[in-house]
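I opened the notebook to look up a pocket, a helix and a single side chain. My notes follow in that order.

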Amino acid sequence: MGGRAELLGETLAGARAEGRAALIAYLPAGFPTVDGGIDAIKAVFDGGADVVEVGLPHSDPVLDGPVIQTADDIALRGGVRIADVMRTVREAHLATGKPVLVMTYWNPIDRYGVERFTAELAAAGGAGCILPDLPVQESALWREHAAKHGLATVFVVAPSSKDARLAEITDAGSGFVYAASLMGVTGTRESVGEQAQDLVRRTRATTDLPVCVGLGVSNAVQAAEVAGFADGVIVGSAFVKLMLDAQDAGAGLVAVRSLARELAEGVRGRA
């Protein structure tokens, strides 16, 4: 199996053709266990997610808020390895036929080896990678191997990014652009605000890639708000918090499936 960047593009284009934003969910691999994490991804797909980002747990997730940090810690204490991340991608994609990306800090890939990581992710049917801390100017080696294996390279833009910097980032990326709607760490917010809308507008001026907004959405009303101006709505902490708060694994799966269903209604403007 090769990388599925093309499937990612088709999925996002399909959502646009339906006149709606795509729903992109984030869940860390190995949380609460490797098998439990795979089941959770299948549950959010079943609820209506179009794309899933699989988090590669990191011991120092500097851009993630306390909810995802807690889940990463549980996964790491459970012994999760990159092989488990690849297995998570493979099983989630095989079970659903939908695009699955990995979201990871650069250091684990650098240690593992770029060629090895990209080859294994492509073999697992991965659609690509989101690399929030890899500077574009240092990304040539990654992009070369990702392109060779049919993987998308998704970069993150922030409200602090100047227009010239936005153009540099979007020119190097593929798949979609991840617009971090608020400065600071991830987590649910009461409002996603005008800052996100302005960032999407400025980013779209530099690229034809879909612009998907993450950081803050936790309910259908917020999803509908973001779907009004973005090509995709990215939700992570809200799913992870439901898993953390659930009485048992089964209850967690019911909860994340239900939230995915609610958010899928939201991105269709039915909140």
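Pocket entry. I listed the lining of the second largest pocket: Leu56, Pro57, His58, Ser59, Leu76, Val80, Arg81, Ile82, Val85, Asn107, Pro108 and Arg111. The model is a predicted one. I read the volume of this pocket as about 210 Å³. Sorted by class, its lining holds 7 nonpolar, 3 polar and 2 charged residues. Which element gives the most to this lining? I found H5, with 3 residues. Helix H5 spans 106-112, and both H5 and H4 supply at least two lining residues each.

I turned to H2, residues 34-47. I counted 14 residues and a reach of 20 Å from first C-alpha to last, close to the 20 Å expected at 1.5 Å a residue. Is H2 mostly covered or mostly open? It is mostly covered, with 10 of its 14 residues buried. I noted these as Val34, Gly36, Gly37, Ile38, Ala40, Ile41, Ala43, Val44, Phe45 and Gly47. What covers them? The cover includes strands E1 (22-28), E2 (51-55) and E3 (100-103). It also includes helices H4 (82-96), H11 (237-245) and H12 (249-267). Just past the end of H2, I checked Gly48 and found a positive phi of about 130 degrees.

Side-chain entry. I looked up Tyr178 in strand E7, residues 177-180. Buried or exposed? Tyr178 counts as buried because its relative accessibility is 5%, and the cut-off is under 20%.

How values were computed. Residues numbered from 1 in each chain as written. Predicted model: local features only at pLDDT ≥ 70, side-chain atom pairs only at ≥ 80, totals over all residues. Heavy atoms only, no water. Helix = DSSP H or I, 4+ residues; strand = E, 2+ residues; numbered from the N terminus. Expected span 1.5 Å × (residues − 1). Buried < 20%, exposed > 50% of the residue type's maximum accessible area, 1.4 Å probe, protein only. Contact = heavy atoms within 4.5 Å. 1 Å grid on protein atoms, 1.4 Å probe; cavity = no way out; pocket = protein on both sides within 12 Å on 5 of 7 lines; lining within 4 Å. Points joined across faces, edges and corners; volume = space filled by probe spheres on them. Nonpolar A, V, L, I, M, F, W, Y, C, P; charged D, E, K, R; others polar.
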